[in-house]
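I opened a notebook for this model. My entries follow the order in which I looked things up.

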Number of protein chains: 2
Amino acid sequence: MARSWLDIDPSSDFSLANIPFGIISTPDDSSPHVGIAIGTYVLDLKVLALQIGPENLLPSGGASSLAVFAQPTLNAFAQLGRSVHRHVRERIQDLLSEDTTRPDLLKNNAELRERALVPQQSVQMHLPMVIGDYTDFYAGYHHAYAVGVMFRGPENALQPNYTHFPVGYHGRASSIVVSGTPVRRPVGQILQDPKADPKRPTVAPTQRLDIELELGCFISKSNPLGQPVGIDEAEEHVFGYVLLNDWSARDIQAWEYVPLGPFNGKNFATTISPWVVLADALEPFRTKGIENPTPVQEYLKEKREATVYDIHLEVDLTTPEGNTSTVAKTSGKNLMWSFPQMIAHHTLGGCPLRPGDLLGSGTISGPVPEQSGSLLELSEGGKREFQLNGGNETRMFLKDGDTVTLRGFCVGKAGGRVGFGECTGRVQG
Amino acid sequence: MARSWLDIDPSSDFSLANIPFGIISTPDDSSPHVGIAIGTYVLDLKVLALQIGPENLLPSGGASSLAVFAQPTLNAFAQLGRSVHRHVRERIQDLLSEDTTRPDLLKNNAELRERALVPQQSVQMHLPMVIGDYTDFYAGYHHAYAVGVMFRGPENALQPNYTHFPVGYHGRASSIVVSGTPVRRPVGQILQDPKADPKRPTVAPTQRLDIELELGCFISKSNPLGQPVGIDEAEEHVFGYVLLNDWSARDIQAWEYVPLGPFNGKNFATTISPWVVLADALEPFRTKGIENPTPVQEYLKEKREATVYDIHLEVDLTTPEGNTSTVAKTSGKNLMWSFPQMIAHHTLGGCPLRPGDLLGSGTISGPVPEQSGSLLELSEGGKREFQLNGGNETRMFLKDGDTVTLRGFCVGKAGGRVGFGECTGRVQG
């Protein structure tokens, strides 16, 4: 990867190899609009585009217009399609490169640099997309297995359908919030004594507030009602990826979820990271996922073997006193189903996906407890406190004032880290 | 109820007592905009509003503007709140009354009548709202019980949580279509032999295509993230009601729904009737629902006893040859949970509802088979063919070319029928 004329720390998630897109507002422009993250800066694309003109940013001859960068969401940009995303990303990479082909445009244009490059700490991030529908899958094999063992024992841990298709459910779009938004501990119906007869639920704040470490995938290209997306075309429908924390109230969920699935145990908040990492930026980090012991149906068969991404994933928990522990480390390769498989399955019966729709991977855990993407696994089903760093404090589930921060990044062989930044939220009582 | 100067047949769903709102395009104006149904006509509110001015349609001094009637959806009008809906409906009722206070505006204005009153048959109807999130409940007690008996026997027909809160799940908003849209028979994974070990699903068009007769409730007023809607305030968050057909592929659903709920068995299409009957129009038809044997939690306790509506509901099935049978008749009173209870429960943990969000009641069936809101019940779980009119033809589930039409209406003591019109869809192979 080329070097940038900007000073970018090698530990930055936002190297020249990344160029993730987000919705920003800045000290100079409080209307949300489009920017990209680079090192410790945001490059304001609304400012840049107006200055350098469409010919230096967008493919020529297309229907695309610079107005997409002034929009308050990325939906319009996403709809332009993957070849446009690729073109724009490559143009920005060139403009920011030490050996840019057009030093006149930005590198040597002090006035524009001053206006278009804004320190990240002074920028407010917004939800990147208007999310029409949100679907949450369950493709993290180790999580599905571990939770299944807790509820049904090792013999019946996975339902018979698990290896036949990517199991998922419709989630709630209205409560998806951008990283940094406080998360209020939800009140709900809880069965304190599951063995009592008759059942006597109470209404109380959840006592088992949990997280779920997931990857989120934003859709760029729609399919019409009634027309499935073939597995080989599914990649063309992907805009990019974010980290996703599917906050979960385990006690509310346990009482409500039979027979129609999770509801109030999930719909109080889902946090996503603000920067959408384009599918192209993750291409170099493809890897094989968890092997599926079952031969899959034709509509789920992918041509390539490396269908998921080797993304390092971490969960940090910060106590109200400010002590931070990394409580889990796992990888994006712990998925048994890929996003193209999820898209092919989701649309098999003709369900339309629309630009801005969000797919969650399901909780990503490794095979051992310290690789757990949920506290449910770390606490062995809420039976055992786990240690935070230093050893004085423990947790089973989240306390008021706790902050959970998800991180995710890939490191290329020649450097050039591609990361997501933070996906964080603080629990309010 | 006053009489109209328009000739309205007593059997019309769209009496002066109704005034339902919808999104229309007309021979003169192909841009979708707002109209109301009256008799066999549509009253074009975009045309009317421009002509008679805001003072004759909207409350004075408010922030509301006539521009809401030129919008391609009812979301902006819905957001104005129930007092504005009431005012506008009452103004329109007055304008259309035999003894209107302002005969000059419409009754005696032949030129405006000609332009603003459009025969319904020449009007195209569109989806009335942009639907952010769709939630489907399961409040039809007799349906839940009958289906529970089929799957788990009479002892365990209802899950223990059923009488404690309105069970529901997040549905798919992107595949909600307006009445008249063809419904394509979905392909999906189906387990032909559920007892085989190992399980061997196939991929095929559903062989068990079903309907679900439901009421839909549109939300007008949002609640912020983290702030529940109290049961006594819930009515103020309701815009109005539609008929809803939750098309279901029973074989796909049976294989996929454990443990996370229905997915591809439902998300291929949901049809709604085009006219939103305002909450006020249904007020005279309040009645008690199914008695709940369990004392409910405080947050679900309503002050009044009559919490649901006595709406006559019918399911018509028209064969490809054009023979129509009414296969079921039931009533809106067969609900154990009311929409205000659904709203209070949905928001208990802080989930935001937004204007245009849609809640489905769940299938509404009576206690006997001919009152079934689904073919699953009519066919006793797909075990017995049921007769269509005339007796020559039978069905278990839907065939290609079948058309299903839901109807719903209330009849006031002094006449003045309040109905929904048709909610119809034809099955395509």
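**Ground rules.** I am working on a predicted model, where local features need pLDDT of at least 70, side-chain atom pairs count only at pLDDT 80 or more, and totals for chains, interfaces and linings use all residues. Residues are numbered from 1 along each chain as its sequence is written, chains are lettered from A and ligands numbered from 1 in the order in which they are written, and side-chain values use heavy atoms, leaving out hydrogens and water.

**Symmetry.** I asked how chain A is superposed on chain B. A rotation of 180° does it, with 0.0 Å of shift along the axis and an RMSD of 0.0 Å. The two copies are thus related as by a two-fold rotation axis. I then looked for the residue of chain A that comes closest to the axis, and found A:Gly261, with its C-alpha at 2.2 Å. The same surface serves both copies, as 100% of the contact residues of chain A recur in chain B. Contact means heavy atoms within 4.5 Å.

**The annotated histidine.** An unreviewed UniProt entry lists A:His143 under "active site". UniProt positions are in the numbering used here, feature names are shortened, and annotations may be inferred rather than shown by experiment. A:His143 sits in helix α5 (residues 141-152) of chain A. Helices (H or I, at least four residues) and strands (E, at least two) are DSSP runs, numbered from the N terminus. Is A:His143 buried or exposed? A:His143 is buried, at 4% relative accessible area. Buried means under 20%, exposed over 50%, and partly exposed in between, with a 1.4 Å probe and protein chains only. Not counting residues up to four places away in sequence, A:His143 touches residues including A:Tyr138, A:Glu212 and A:Ser374.

**Helix α5 in chain B.** I checked the 12 residues of α5 (141-152) of chain B: at 1.5 Å a residue they should span 16 Å, and the end C-alpha atoms are 16 Å apart, which agrees. The expected span is 1.5 Å times one less than the number of residues. Buried residues of α5(B) include B:His142, B:His143 and B:Val147. Their cover includes α9 (375-378) of chain B. B:Gly153 follows α5(B), with a positive phi near 80°.

**A sheet in chain B.** 5 strands form an open, mixed sheet in the order β9-β26-β25-β20-β21. Its edge strands are β9 (183-184) and β21 (324-331). Strands pair if DSSP finds at least two bridges between them. β25 (403-410) and β26 (418-428) run antiparallel, joined by 7 bridges.

Most residues other than glycine have a negative phi, and most peptide bonds are trans. I noted a cis bond between A:Asp197 and A:Pro198, with omega about 0°. A:Ile19 is not a glycine, yet its phi is positive, about 65°. A:Ile19 is buried, at 0%.

Definitions and conventions. Copies are superposed by least squares on the C-alpha atoms of residues with pLDDT of at least 70 in both.
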